Amino acid sequence: MTNIQIFLPESMKVFVEEQVAKGGYSSANEYLQQLIFQDQQRKSQEGKRAQLMAKLQTQAQLNDEKFEVIADKLADEFAAYFGS
């Protein structure tokens, strides 16, 4: 493992210490590792969500294009059947 030194204002230090005591963490290190892990998970989920949304938008565009093709064919068939 690697060490990182961080500087916190006193109010944040107190907050971290309170979270360690209340949250059942063995140390500030464990608490901060958990926060970082949760942030990694959240960002990973956001990335997956963005990929899914992009895929859905692409699929919607394809569906719109397919709809136009079908609508054009139906219009041509209608015109051929009933006359222009």
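Student: Which helix holds Lys 13 and Glu 17, and how many residues apart are they?

Tutor: Start with the general idea. An α-helix has 3.6 residues a turn, so residues three or four places apart point the same way. In this predicted model, Lys 13 and Glu 17 both belong to helix 1 and are four residues apart, about one turn of the helix.

Student: What do the side chains of Lys 13 and Glu 17 form?

Tutor: They meet in a salt bridge, with 2.8 Å from N to O. The cut-off for a salt bridge is 4 Å between a side-chain nitrogen of Lys or Arg and a carboxyl oxygen of Asp or Glu.

Student: Are Lys 13 and Glu 17 buried, exposed or partly exposed?

Tutor: Lys 13 has a relative accessible area of 39% and is partly exposed. Glu 17 is also partly exposed, at 42%. Partly exposed is the class between buried, under 20%, and exposed, over 50%.

Student: What distance should helix 1 span, and how far apart are its end C-alpha atoms?

Tutor: Helix 1 covers residues 10-23, which is 14 residues. At 1.5 Å a residue it should span 20 Å, and its end C-alpha atoms are 20 Å apart, so the two values agree.

Student: Which residue follows helix 1?

Tutor: Gly 24 comes after helix 1, and its phi is positive, near 75°.

Student: How many salt bridges does the structure hold?

Tutor: There are four. One of them is the Lys 13 and Glu 17 bridge. Another joins Asp 39 to Lys 43, where the closest N and O atoms are 3.4 Å apart. Arg 42 and Glu 46 also form one, with their closest N and O atoms 2.8 Å apart.

Student: Where do Asp 39 and Lys 43 lie, and how many residues separate them?

Tutor: Both lie in helix 2, which runs over residues 28-82. They are four residues apart, so about one helical turn separates them. Arg 42 and Glu 46 are in helix 2 as well, again four residues apart, about one turn.

Student: Which residues are linked in a network of salt bridges?

Tutor: The network links Asp 39, Arg 42, Lys 43 and Glu 46. As for accessibility, Asp 39 is partly exposed at 29%, and Lys 43 is partly exposed at 48%. Arg 42, at 41%, counts as partly exposed, and so does Glu 46, at 37%.

Student: How many aromatic pairs are there?

Tutor: The count comes to one aromatic pair. Tyr 25 and Tyr 31 form it, with their ring centres 5.2 Å apart and 70° between the planes. The pair is edge-to-face because planes over 60 degrees apart fall in that class.

Student: Which of these two is buried, and which is partly exposed?

Tutor: Tyr 31 is buried, with a relative accessible area of 8%. Tyr 25 is partly exposed, with 25%.

Student: What is the volume of the largest pocket, and which residues line it?

Tutor: The general idea comes before the numbers. Rolling a probe the size of a water molecule over the atoms shows where empty space is left. The largest pocket here has a volume of about 300 Å³. Its lining is made up of Met 1, Thr 2, Asn 3, Ile 4, Ile 6, Asn 29, Leu 32, Gln 33 and Ile 36.

Student: How many nonpolar, polar and charged residues are in that lining?

Tutor: Five are nonpolar, four are polar and none is charged.

Note on methods: Residues numbered from 1 in each chain as written. Predicted model: local features only at pLDDT ≥ 70, side-chain atom pairs only at ≥ 80, totals over all residues. Heavy atoms only, no water. Helix = DSSP H or I, 4+ residues; strand = E, 2+ residues; numbered from the N terminus. Expected span 1.5 Å × (residues − 1). 1 Å grid on protein atoms, 1.4 Å probe; cavity = no way out; pocket = protein on both sides within 12 Å on 5 of 7 lines; lining within 4 Å. Points joined across faces, edges and corners; volume = space filled by probe spheres on them. Nonpolar A, V, L, I, M, F, W, Y, C, P; charged D, E, K, R; others polar. Buried < 20%, exposed > 50% of the residue type's maximum accessible area, 1.4 Å probe, protein only. Phe/Tyr/Trp six-rings, centres within 6.5 Å; stacked < 30°, edge-to-face > 60°.
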